[in-house]
Amino acid sequence: MDKLRIDKWLWAARFYKTRSLACDEIDKGRVQVNGATAKPAREVKAGDSVQLRNGTITRTVTVLAVSDKRGPAPQAALLFEETAESVQQLQQALEQRRLAPEPALTLTQGRPTKRDRRDADKLRGDAWGDRWSASLER
């Protein structure tokens, strides 16, 4: 096999979990082959340069072999070679993420539970006290 569809190759090389996800990313213009925006049916061969954008990270890989079967990760790693610039950018992005994490990820809990609300009311000294209604009558 000399050539293979880009969506099948991306799936076999384990860049995407399913072929449909690979097709979606290709259709969004996040995958380029040899500097040109690709379509899912675009064929790749050994020696082609593939550029993938996943979030803020852009990876550039060189196709070493083509395979239409999705195998284990060590076997998939033999299908491509990542460029030195791409590896450096990936390491910088990981370091940046480590040094300045997303603020929303620091939240350990979601909404307070009813128990949490009652505990907070006790600490605040709830103005309602033991009254069961808003009326001032006792």
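This is a predicted model: local features need pLDDT of at least 70, side-chain atom pairs count only at pLDDT 80 or more; totals for chains, interfaces and linings use all residues.

Guide: Residues are numbered from 1 along each chain as its sequence is written, and side-chain values use heavy atoms, with hydrogens and water left out.

Visitor: What do the buried residues of α2 pack against?

Guide: Helices (H or I, at least four residues) and strands (E, at least two) are DSSP runs numbered from the N terminus, and buried means under 20% relative accessible area with a 1.4 Å probe, protein chains only. In helix α2, residues 19–27, the buried residues are Ala22, Cys23, Glu25 and Ile26. They cover an arc of only 165° around the axis, taken from the directions from the helix axis to the C-beta atoms, which puts them on the same side of α2. With contact meaning heavy atoms within 4.5 Å, these buried residues pack against α1 (6–12), β2 (31–33) and β5 (49–54).

Visitor: Which strands are at the edges of the sheet?

Guide: Two strands pair if DSSP finds at least two bridges between them, and strands of a sheet pair through backbone hydrogen bonds, either parallel or antiparallel. Here an open sheet of five strands has the order β3-β2-β5-β6-β7, with antiparallel pairing. Pairing on one side only marks the edge strands, which are β3 (36–37) and β7.

Visitor: Which residue in β6 stands opposite Leu52?

Guide: Strand β6 covers residues 57–63 and runs antiparallel to β5, to which six bridges join it. Opposite Leu52, the residue in β6 is Arg59.

Visitor: Is Phe15 buried or exposed, and what is its relative accessible area?

Guide: Phe15 is placed in the loop between α1 and α2. Leaving aside neighbours within four places in sequence, Phe15 is in contact with Trp9, Leu10, Leu52, Arg59, Val61 and Phe80. Phe15 is buried, because its relative accessible area is 16%.

Visitor: Which residues does Thr83 touch, not counting residues up to four places away in sequence?

Guide: Thr83 has its place in the loop between β7 (80–82) and α4 (84–99). From Ser49, Thr83 is 34 residues apart in sequence and 9.5 Å apart in space, C-alpha to C-alpha. Not counting residues up to four places away in sequence, the residues that Thr83 touches are Thr60 and Thr62.

Conventions
Buried means under 20% relative accessible area, exposed over 50%, partly exposed in between (1.4 Å probe, protein chains only).
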